[in-house]
Structure formats: C-alpha cells, structure tokens
Amino acid sequence: MGLENESGTFDIGGDLTVHRLGFGAMRITGDDIIGEPADVENARKVLHETLVHGIDLIDTADSYGPAVSERLIGEALAPYPDDLVVATKGGLLRNTDGDWKPNGDPDYLRNAVLGSLDRLRTDTIDLYQLHRPDPHVAFEDSVHALAEMKDEGLIRHVGLSNVSVEQLDEARDIVDIATVQNRFNVGDREFEASLDACEEYGIGFIPWYPLGAGDLGDRADAVSAVATKHDATTQQIALAWLLHRADVMLPIPGTSSVSHLRDNVAASHIDLDDEDMDRLA
C-alpha cells in the first residue's frame, strides 16, 4: 500500500469522481516531449505507481511524443480500473523541431479522437479537451465537432485548454464543459479570472505548469518560508497551495521519477493554515 492521496475529491462533469491531485503524463516521453522515453520500462513503472498512491486522474495529449504518451498509457494500464479517469487532448500538431501548431479543423479533430481511442485502448474517452483554440478556425466549429462526438459516445465529457473566460462562455452555449486546463501556479496567476469562472460554474480547473518549473517569481521567498515551516520542499508547498486555493482545482504535476511522484502525493498531506495562505497570496 502506497502513500495515500489525501487531496479530496471532485466530480468531473458531475459523475466522474476523482482525487483532486492527478498525474500529467507529458514527461513520460523523450527529450523535448518528442519520441520514446530513454527508459520505457521506467515510464511504465511510473504509470503503475500512480495507481498505487490513489491517483485516479491521468492527463495526456496526442501531441505528447506525439502519440507516445497515449500509447504507453494504453499498454501499461488498459484495461483500466473502473475508478481511473484518463483525459487526453487534441488540436496541436508537433514536428521534430518541437513546435506546437494549432489545428482545430473539425475533420482533423475527429481523426485525432479516433487515433486517441486506438492508442488508449478504449471505446470512449473519459475527458477530451481542445488543446488550444486555432486562430485560423472558428472556435465554435471546433467545439461543435467535440459536441458531436460526445453525442456519438466517443467522448464522455468535453474540456477546453488555454482559453479565456469569453471562449469558455461561448463553448458553454454549445456543449457542457467539464474542465478548463490553463497555465496557473503560485507564481503565475494570469488566468485567475478563468479559475474564478470555473468556481462559479462548478467546472474543474486543471492548472498546467503547476510547479512553474521551480520558477515562482516574486513569491519564491514566501514559498520558501512556508516550506521551512512545514519541513517540506518548495515544490510540495506550491502543490499544497493549489489544492487549498480552490475546491475545483485539479493539479496534475508530471514526472518521470517514481520518487518525485511520491513527493508530489505527500504534498496532499500538507495542511496550510490561514497565515500560510495569506503569506502566499
């Protein structure tokens, strides 16, 4: 029995109950998120370790690898436990230079979903997120494509990523939106308005870049002080802050290390008090 995930729970789309601390599977690929990981067996071990610690939300994307992360998840974990939610994303193309190129064309998204279904070895994707709005495609057309695939049963819940509050509201007029995944961490709160909207609507907010790669900006000293108080690492305090910041928050820190994964789960045991939160605010 591993260290328990004590992050509390959230119901994605009202019916998929997950622990709020999940796992982001971007880092189980090769350098620059291109190709196979250096140690494939270790990547599979990390994926299995998530289940040991009660992590039941795994987030990936077809552009991670590309295709590598989804395929490894399917190989390692399918058939999935009943309580495991696997979320993926589509709408970004990759090339060997590492560029991320938006493609929100409805036909492309339909093809992307079919590819994800195959690699993840499932008949329905629990949560499918538009990875980024495409400036060359009408946003509503991209969302309508996902809504249609939800109606067909290929997608259970629709999510968005890298969107404004205005885009969220536009999408909500078309289909129920279960989650929003935007950049957010203790040192970078540019999308706080999006988080506030998700709180108002009861939508899950998945902060990508939850640890800011260790760059916590002008809050670094405050995080360090709180970490010393709790005998924790600054990364653990950054995760604990996210969990305390909002009940709809679903952090998905990623790692290619089993020990780092355990450290992340340990962050769910840190109880920040009002003084800590005020200092970090």
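Hi everyone, let's start with helix H6: the cover over its buried residues includes H5, E10, E11 and helix H8 (234-245). Helices here are DSSP runs of H or I with at least four residues, strands are runs of E with at least two, and both are numbered from the N terminus. This is a predicted model, where local features need pLDDT of at least 70, side-chain atom pairs count only at pLDDT 80 or more, and totals for chains, interfaces and linings use all residues. Residues are numbered from 1 along each chain as its sequence is written, and side-chain values use heavy atoms, leaving out hydrogens and water.

Which residues of H6 (192-201) are buried? They are Ser194, Leu195, Ala197 and Cys198, with buried meaning under 20% relative accessible area for a 1.4 Å probe, protein chains only. Down the axis of H6 they fall within an arc of 160°, so they line one face of the helix; the arc is taken from the directions of the C-beta atoms as seen from the helix axis. After H6 comes Gly202, with a positive phi near 75°.

Now the sheet. It is open, with 7 parallel strands in the order E3-E4-E5-E8-E9-E10-E11; a pair needs at least two DSSP bridges. E3 (23-24) and E11 (204-208) are the edges, each with a single partner strand, so one side of each has no neighbour in the sheet. Helix H5 (165-172) packs on this sheet, touching E9 (155-161) and E10 (177-183), where contact is heavy atoms within 4.5 Å.

Finally, the whole protein chain: 10 helices and 11 strands, with buried residues making up 53% of its 281 residues. Thanks, all!

Technical notes
Axes fitted to C-alpha atoms, helices over the stretch in contact; angles between N-to-C directions. Buried < 20%, exposed > 50% of the residue type's maximum accessible area, 1.4 Å probe, protein only.
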